[in-house]
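Please read them with the sequence and the model side by side.

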Amino acid sequence: MKCEWVKENITLYVYNELADDARYELEQHLARCTDCTAELKSTRKFHAVLSELPVEEPSPNLVAASRMRLQEVLETTQQGGLWHRLVFDPAAWLRQVRFSPALAATLVIVGFASGIGTAYKILNGGGVGQLAMGTNPPLESSISGIRSVSQAPGSNQVTIKYDTVSTQEAQGTLNDQRIQQLLLFAARDNYNSGVRMDSVDLLTQQPNATPVREALIYALRYDSNPGVRLKALDGLAAYVKSDPRVRDALLEALMNDSNPGVRTETLHLLEPVRADSSVRAVLQRLAENDQNQYIKTQARTILAEMPEFD
Amino acid sequence: MAGQSLGRIDDTLLVREAQRGNRAAFEELVRHYDQAVLRLAIHLTGSEHEAQDVYQEAFLKAYKSVATFRFECSFYTWIYRIVTNLCLDHLRKKQVRKEDAPVATDSTGEQYDVLEQVPDARAGANPERDLMRRELGTRISAALEKLTPRERMVFELKHYHGLKLRTVGEVLNTTEETAKNTLFRATQKLRGALADMR
């Protein structure tokens, strides 16, 4: 009876889908039952055979072509649904608000903040300046852009609308939400790679926070600076085993990154999960035809260290 | 759950923007998931061309109905649900047509093996090993084609795409328990079909 139960659950065990107690029970049984141990071996072997059918990564050309084709269609497509819902189903909206205290509270806070923001704008004249005769000209460095220039007909009166910026400073600990938000913003959008590097470096100190890990994955995928990508790798290293999305990002970097240093580092980080079918597939591809001799050799070495399945 | 919780906060902001009609936000969401969508569709349909059609239809559907998305599940689950439904339709049609998996018909009406058309870009490839790999791939593909569309989908999502069975259940609008049973059935069938390869 016990062996029958094991045979029914061995697939889930191999896929790491058994609950802890069942897993423990199964392992205890395996320790003393040679038949079931043989069954486990056979299941693992079969699992590996099936992984011989590789999951092909879509080529960059295919991804780009698909995106372009979609963009063309989206340009001429209207979104549906929202207007219909607003007009025809306001009761559903009200129900949603009534049954979602958090959403209701958020709406109140947003409304309150908007009120304060509006009052602030009225008192300060807002971020958009309007230069008229008699006012002091702004410092050139504080102008971020000119919105419009117009002359009143029949007069020499000129109206210029411009946006201003002023440098501000924020201080706080890494746990401070405002600081985290600024770091996340800087890691993604700053044109200065030094600032991005510093931000990513600081973010790696808290890579278990959801948006932080997301930002590190983003930096690894899209940052133009290899130093920033290496920093992001540092922060992601601990999650290669537990987080498939991190693993996917690393596999992408291993295959496509333009920098050999980043690829080499990625290869080493992926070693502990080399048995994963997608990692194996990538390693096989690299071992066969990678342009970089070192990576090719390393991939071969890692594959050679793995057990044979046939 | 693969990637589900990770991008949730980021996605939520983008989804809200997309719901306001911000196309750039929607396109950013597309970029978050489109490689995974293509990967799944290519593996399931066996054709880049058909995968592109699935991609196009899935994201277009998502764009048209993003305003009705109510955050009852993650955007990740939602988009996967759309894609898997399209792929299931594709698999069902394919089963009805009873086509042999790797055979297609060219413009002159002649049949050819699709797998033979896949270019081998590997430098210095070993022909004997290639042949074995190809044969192995063909046999596995044929065995996968014999599964029911639902068994195939559960197996694909679990084995080849590494999703947790809980997520597979959510994506396919069923329970984790049903997904487990389906995976078990699929595995048994595959072992039967590929018994001589073990």
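How many residue pairs are in polar contact between chain B and chain A? The count is 15 residue pairs, with both residues at pLDDT 80 or more. A polar contact is a pair of N or O atoms within 3.5 Å; within protein, one must be able to donate a hydrogen and the other to accept it, and residues adjacent in sequence count only if both atoms are side-chain atoms.

1. Basis of the notes. This is a predicted model, in which local features need pLDDT of at least 70 and side-chain atom pairs count only at pLDDT 80 or more, while totals for chains, interfaces and linings use all residues. Residues are numbered from 1 along each chain as its sequence is written, chains are lettered from A and ligands numbered from 1 in the order in which they are written, and side-chain values use heavy atoms, with hydrogens and water left out.

2. Chain B by itself. Chain B has 9 helices and 2 strands; these are DSSP runs numbered from the N terminus, helices being H or I with at least four residues and strands E with at least two. Starting at the N terminus, the order of elements is α-α-α-α-β-β-α-α-α-α-α. Of its 198 residues, 49% count as buried, where buried means under 20% relative accessible area, exposed over 50%, and partly exposed in between (1.4 Å probe, protein chains only). Contact means heavy atoms within 4.5 Å. Among contacts in chain B with a separation of 6 or more, 60% are between residues 24 or more positions apart.

3. Extent of the interface. The size of an interface is often given as the accessible area lost when the parts come together. Between chain B and chain A, the buried area is about 5900 Å², and carbon and sulfur atoms give 57% of it. Buried area here is the accessible area (1.4 Å probe) that two parts lose on being put together, summed over both. In terms of residues, 65 of chain B are in contact with 61 of chain A.

4. Charged pairs across the interface, and what chain B brings. There are 6 salt bridges between chain B and chain A. A salt bridge is a side-chain nitrogen of Lys or Arg within 4 Å of a carboxyl oxygen of Asp or Glu. One of them joins Arg69(A) to Asp53(B), at 3.1 Å from N to O. Elements that give two or more residues to the side of chain B that touches chain A are helices 1 (8-19), 2 (23-45), 3 (48-65), 6 (127-145), 7 (149-160) and 9 (176-193) of chain B. Helix 2 of chain B gives the most, with 14 residues. By class, this side has 29 nonpolar, 16 polar and 20 charged residues. Ala, Val, Leu, Ile, Met, Phe, Trp, Tyr, Cys and Pro count as nonpolar, Asp, Glu, Lys and Arg as charged, and the others, Gly among them, as polar.

5. Salt bridges inside helices. Over all chains the count is 26 salt bridges. In chain A, Arg23(A) pairs with Glu27(A), with the closest N and O atoms 3.7 Å apart. These two residues are about one helical turn apart, because they are 4 residues apart in helix 2 (residues 20-32) of chain A. In chain B, Arg23(B) and Glu27(B) form a salt bridge at 3.3 Å, N to O. Both lie in helix 2 of chain B, 4 residues apart. Arg23(B) is partly exposed at 26% relative accessibility, whereas Glu27(B) is buried at 12%. Salt bridges with shared partners join Glu75(A), Arg23(B) and Glu27(B) into one network.

6. Where does Leu267(A) lie? Its place is in helix 13 (residues 260-270) of chain A. Leu267(A) is buried, with a relative accessible area of 1%. Leaving aside neighbours within four places in sequence, its contacts include Leu254(A), Leu283(A) and Ile295(A). Ser277(A) is in helix 14 (residues 277-289) of chain A and is buried at 18% relative accessibility. With the neighbours within four places left aside, Ser277(A) is in contact with Ser51(A) and His159(B).
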